[in-house]
Amino acid sequence: MDVQRLFSLDGRVALVTGGSRGIGKMIAEGYIQSGAKVYITARKADICDATAQELGENCISIPGDISTIEGCEALAAELGAREEKLDILLNNAGAAWGAGFEEFPEGGWDKVMDLNVKSPFFLTQKLHGLLKNAASGERPAKVINVASIDGMKINPWETYSYQASKAALIHLTRRMAVRLLQDNIIVSGIAPGAFQSEMNKAARDYADVVAKAIPAKRIGTPEDMAAVGIYLASRAGDYVVGTTIPVDGGVVNAFAPMGGTDAEGH
C-alpha cells in the first residue's frame, strides 16, 4: 500500500467555484499542494485573478457568474476550450441571506436557492462530458458539493433560504451520486462548520466567542478544510459515494449548546 499515492492529486485537473477566498481558496490551495492543476472561478474578477497569482502557476483564474444557467454554460465552454478532461469539480460557490420571517424577501430566497442548489446541478450537467473524459473505473472523476452543517441542524439565525438550500444540496448530492456513478463519477459532499470567511463573519471576527459553542473548542483551520477536500478528491475517497461529511469540530454529532453564537459556516 502506497499511502503517499492515496492522497496524491498529481496530473489531475480541478475546478473550484467560489475559489477566490474562504473555503474555496483553502481547498484550492490544498489541491495545488497535492499536485493538481486548479482553475478557480468567482464573480469578482480582480479578486479571482489576485488569488490565482497568489497560489502560483498551477492556479488559473476564470472569473464569471454561475448564478445563471447561461453563466454555467459559459464557464463550461471556457474550460472546455482549455482542457480535454476534468478530474475534480468542487461546487463551492454560495450565498446567504438573513431576514425576519415576516419580511423575508423573494429576492433573498431566489438568489440563495439559485446559487446554492441550481448552479451545482447545472454546472455539473454542463461539465458532464469533461468529467466523463477523465473518469475510469480505476480512477473515477469526482464532484464534491460544499453544503453546510446548517443543512443538517437548525442554527439560531433566520437564514431561511440558506438553511433550506444546504439541506437540499445534501439530498441532491445523494441523488446525483446514484446517477453519475454509472459514468465512474463519484459525487460526495462537505458540510463545513465554523471557518473564517466573508460569509461567516462571526467565525472571522469573533473566533474565540464562536469556539465556546463548539465541542472541539476551536474554529476550523485551512488545513482542516484542505484535508477533507483532498481526501474526497483523491484515491483515498474513491469509496465514499453520496455522503456529505460534516467538518465542524463536533457540532452536529455532539451535545453542543444552541444559543446565540453562530457556529455555522459555508
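Here is a short chat about the fold of this predicted model and one of its helices.

Biologist: Hi! What should I know before I start?
Modeller: This is a predicted model, where local features need pLDDT of at least 70 and side-chain atom pairs count only at pLDDT 80 or more, while totals for chains, interfaces and linings use all residues. Residues are numbered from 1 along each chain as its sequence is written, and side-chain values use heavy atoms, leaving out hydrogens and water.

Biologist: Great. How many helices and strands does the chain have?
Modeller: There are 10 helices and 7 strands, taken as DSSP runs (helices H or I, at least four residues; strands E, at least two) and numbered from the N terminus.

Biologist: And how much of the chain is buried?
Modeller: Buried residues are 51% of the 266. Buried means under 20% relative accessible area, exposed over 50%, and partly exposed in between, with a 1.4 Å probe and protein chains only.

Biologist: Switching to helix α3, which residues are buried there?
Modeller: In α3, residues 45-55, they are C48, T51, A52 and L55. They sit on the same side of α3, because their arc around the axis is only 100°, going by the directions from the helix axis to the C-beta atoms.

Biologist: What do they pack against?
Modeller: The buried residues of α3 pack against α2 (22-33), β2 (37-41) and β3 (59-61); contact means heavy atoms within 4.5 Å.

Biologist: Which exposed residues are on the face turned away?
Modeller: That face of α3 carries D46, Q53 and E54.

Biologist: What follows α3?
Modeller: G56 does, and its phi is positive, near 105°.
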